[in-house]
Amino acid sequence: MKFQKQLATEIEIGDILYKFNDLPLTTRDEYTRQLSFTMKNPDFQTLTFTILRPIKSKQIPEKELSNVFSKLQQPQGFEILPTHYEYFTVFLTIAPKTILGVTIKGYNGKVYVSGIENKHTSIAYKCLLVGDAILAIEDQALSGVKDTDELLCTSFAKKKFVRLIIERAKTPAGLRNVKLALSIEKTYEVNPRMTEDVTDICQRQIKFMNKHSDLKPDSRIIHQHHPPRASTSHIDVAKESTELPISTDVNNLQLLAPTPPVPAVAPGTIGSFNPLETPSKRAVKKRTIR
């Protein structure tokens with residue numbers, strides 16, 4: 001049997017196998033039986049898969065925006081700006097062995113998608129983009145990250161798909177606002193609170209040391225700091241540490257700033273171009289063509 005890739009699109013996780021060789025399928029065992037019977041045939045043959053794919057996103061026409069948002073209890077100061085933004089209805093459909101794969105952040109009364117896992121098991125990777133603003137879940141307007149988290153959990157507990165309304169920038173002005181929302185980070189604690197398991201371990205150790213005060217350590221665990229040696233076979237731990245946030249990679253190409261084109265050089269010019277130099281310091285040699 002020979003296999004040839006003639007599919008218009010790749011099969012994705014969550015696709016429903018409806019027919020195999022024009023035979024309707026209702027159970028997994030039936031598909032396995034039909035496939036096993038086909039594989040026993042040594043002659044060349046074509047396998048036909050009929051697949052049903054759930055709708056992932058659908059753009060809301062501008063003339064229907066007022067009707068859609070009239071059903072929502074919009075937060076104070078919210079505006080519909082179809083000049084700079086597009087609005088979509090997005091369906092997140094849960095399938096076996098899939099994850100949501102999205103991180104969110106709140107800014108200025110909106111909840112933005114700040115990161116998406118670029119995995120084939122992520123259902124958000126096929127529906128959302130970094131910078132999308134999630135405005136509503138199942139016709140319930142959002143007011144913050146906590147509400148978004150709770151609504152997603154309760155909605156997925158009831159059924160296998162959730163309907164969102166999102167806002168996506170389409171003009172340079174809208175993209176600037178999205179970049180500003182993603183770039184602003186919340187204040188991080190200087191001395192972050194330890195997790196409960198670490199606190200519990202420390203409390204048990206304190207009780208043990210108070211009960212057995214006569215015990216002496218076998219070796220010192222804190223050593224004096226020595227100047228760095230030439231060898232790099234060991235790891236030094238600094239006395240002070242700083243907590244820094246790690247931002248995710250942006251997978252929305254519209255948010256990336258295009259690089260400026262290389263300046264044109266006049267014909268007959270010989271030399272090198274350094275973009276960091278000013279025009280006054282740039283040395284260019286010219287050759288006269290006769």
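This is a predicted model: local features need pLDDT of at least 70, side-chain atom pairs count only at pLDDT 80 or more; totals for chains, interfaces and linings use all residues.
The chain comprises 290 residues, of which 23% are classed as buried. Its secondary structure consists of five helices and twelve strands. Among the contacts in the chain with a separation of 6 or more, 65% are accounted for by residues 24 or more positions apart.

A nonpolar patch was identified on the surface, formed by I11, F49 and I51. Together, these residues present about 240 Å² of accessible area. The relative accessible area of I51 is 30%. I51 is therefore assigned to the partly exposed class, because that class lies between the buried limit of under 20% and the exposed limit of over 50%.

Two cavities of 30 Å³ or more were counted. The second largest cavity holds about 40 Å³ of space. Its lining is made up of V130, G131, D132, R168, A169, L175, V178, N252, Q254 and L255. Two or more residues of this lining are supplied by each of the elements β10 (161-169) and α4 (172-183).

Note on methods:
Residues are numbered from 1 along each chain as its sequence is written. Side-chain values use heavy atoms; hydrogens and water are left out. Helices (H or I, at least four residues) and strands (E, at least two) are DSSP runs, numbered from the N terminus. Buried means under 20% relative accessible area, exposed over 50%, partly exposed in between (1.4 Å probe, protein chains only). Contact means heavy atoms within 4.5 Å. Patches are made of residues with over 30% relative accessible area and no salt bridge: like charges are joined within 9 Å, nonpolar side chains (Val, Leu, Ile, Met, Phe, Trp, Tyr) within 5 Å. Accessible areas come from the Shrake-Rupley method with a 1.4 Å probe; for residues, only the protein chains shown count as cover. A salt bridge is a side-chain nitrogen of Lys or Arg within 4 Å of a carboxyl oxygen of Asp or Glu. On a 1 Å grid over the protein atoms alone, a cavity is a set of points where a 1.4 Å probe fits but cannot get out, and a pocket is an open set with protein on both sides within 12 Å along at least five of seven lines; lining residues have an atom within 4 Å of a point. Grid points are joined across faces, edges and corners, and a volume is the space filled by probe spheres set on the points.
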